[in-house]
Amino acid sequence: MSIIEVKVPQLSESVAEATMLQWKKKVGDSVAADEILIEIETDKVVLEVPAPSAGVLSEIVMGGGATVLAEQLIARIDTDGKVSATAVAASPATTVAPKAVATPAPTSQTHAGVAMPAAAKILADHQLSVGAVSGTGKDGRITKGDALSAIASGAKPAAAAVISPGIPTSSLPQVSAPSVQLGDRPEQRVPMTRLRARVAERLLQSQATNAILTTFNEVNMAPVMEMRKKFQEKFEKEHGVKLGFMSFFVKAAVHSLKKYPILNSSVDGNDIVYHGYFDIGIAVGSPRGLVVPIIRNADQISFADIEKKIAEYGTKARDGKLGIEEMTGGTFSISNGGTFGSMLSTPIINPPQSAILGVHATKDRAVVENGQIVIRPINYLAMSYDHRIIDGREAVLGLVAMKEALEDPSRLLFDI
């Protein structure tokens with residue numbers, strides 16, 4: 001018998017430990033080389049653990065939900081493909097699991113009952129169990145279309161538990177947390193994901209260490225909308241991606257940061273660090289929580305490249321495939337609550353940055369121009385900034401520069 005050990009992959013220097021999600025195989029199942037055995041969640045990304053060799057999964061050392069360290073042994077594979085019945089029965093992982101976490105139930109080699117990320121979010125939002133939906137995807141996976149069809153056909157929410165919206169339940173360890181029955185008001189306690197806990201920690205850190213102040217302005221989006229409508233078809237045909245509004249916001253932000261470099265700076269002890277580059281973070285909602293991937297050197301790339309990056313990051317965030325290097329760094333961030341219909345908000349700074357732009361829904365509103373009331377598509381912009389190093393003058397003028405660039409997009413071409 002030739003045994004190969006399966007270990008936790010190397011983690012980032014800033015990541016001390018990780019959490020095991022659900023095993024995709026059970027003891028005794030055959031595995032192919034490089035087949036994904038389990039996903040491991042850190043406070044930044046989800047890492048896939050592939051099988052180092054083909055064979056039979058002979059032992060699971062660490063069960064789903066366990067906390068592990070880099071290079072820690074989690075399973076063994078028998079490359080000869082022969083596992084005795086006694087060895088399978090004696091596998092410690094079949095009985096050992098962390099407290100409050102149940103060992104995943106054995107699954108077949110198909111993926112029936114497993115929802116794809118987009119489908120899982122839809123099911124969670126509608127409080128539907130994956131068991132109530134038939135999958136038509138590869139190996140029985142539940143697709144987005146399956147989820148929408150189930151909702152359209154009147155599938156009823158599960159009454160026994162409350163599903164946390166936005167979290168792909170197929171990816172989380174099964175938690176044996178007690179349900180509290182209060183008549184028709186059930187409750188269930190579910191631990192935060194590592195990413196959610198990390199986001200909470202950073203937001204509290206930002207509120208505690210920054211002197212956050214927010215300035216607002218309104219922008220007439222008609223010029224951007226007209227330009228977008230005029231070139232949308234040609235742009236998509238030429239570059240293979242749709243021309244969205246975010247590329248205009250990114251370029252307008254860079255335009256302003258060049259005029260007021262303090263907005264692109266950060267605090268390091270008693271020093272102010274002025275960044276000579278423009279790495280713009282784009283806040284993206286994912287099934288696991290909020291992530292902020294970075295568009296690097298945004299001043300040097302085109303509208304098309306920005307749109308492609310945003311589309312790429314959106315897909316990776318949905319599928320949990322964003323790498324640590326894609327979320328590290330950043331000198332300024334943009335949060336687009338308008339995607340969800342937000343009219344106004346006060347965004348929280350993403351440390352160690354010193355400012356963040358909040359973009360909202362564009363709505364037709366009555367405004368006064370030359371003494372006349374007219375209807376214009378208006379977007380309210382909000383910029384939160386660290387008042388320790390950014391004075392109100394620079395913050396207000398910086399937001400005005402963004403407003404002027406959006407109301408006259410030709411300024412972006414000539415950098416004026």
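Start with the largest nonpolar core: select its 51 residues, then highlight Ile280, Phe332 and Ile334, the ones touching the most other members. (A nonpolar core here is a set of buried Ala, Val, Leu, Ile, Met, Phe, Trp, Tyr and Cys residues joined through side-chain atoms within 4.5 Å; buried means under 20% relative accessible area, exposed over 50%, partly exposed in between, with a 1.4 Å probe and protein chains only.) Helix H6, residues 246-259, gives the most to this core, with 8 residues. Helices (H or I, at least four residues) and strands (E, at least two) are DSSP runs, numbered from the N terminus.

A quick note on the model: it is predicted, so local features need pLDDT of at least 70 and side-chain atom pairs pLDDT 80 or more, while totals for chains, interfaces and linings use all residues. Residues are numbered from 1 along each chain as its sequence is written, and side-chain values use heavy atoms, without hydrogens or water.

Next, center on Ile280. Beyond its neighbours within four places in sequence, Ile280 is in contact (heavy atoms within 4.5 Å) with residues including Val250, Val254, Leu257, Phe332 and Ile334.

Now show the open sheet of 4 strands, ordered S1-S8-S6-S3 with antiparallel pairing; two strands pair if DSSP finds at least two bridges between them. At the edges, S1 (3-7) and S3 (30-31) each pair on one side only. Zoom in on S6 (residues 55-60) and S8 (residues 73-78), joined by 4 bridges, and find Ile60 opposite Ala75 in S8.

Last stop: Phe216, in strand S11 (residues 212-220). Phe216 counts as partly exposed because its relative accessibility is 40%.
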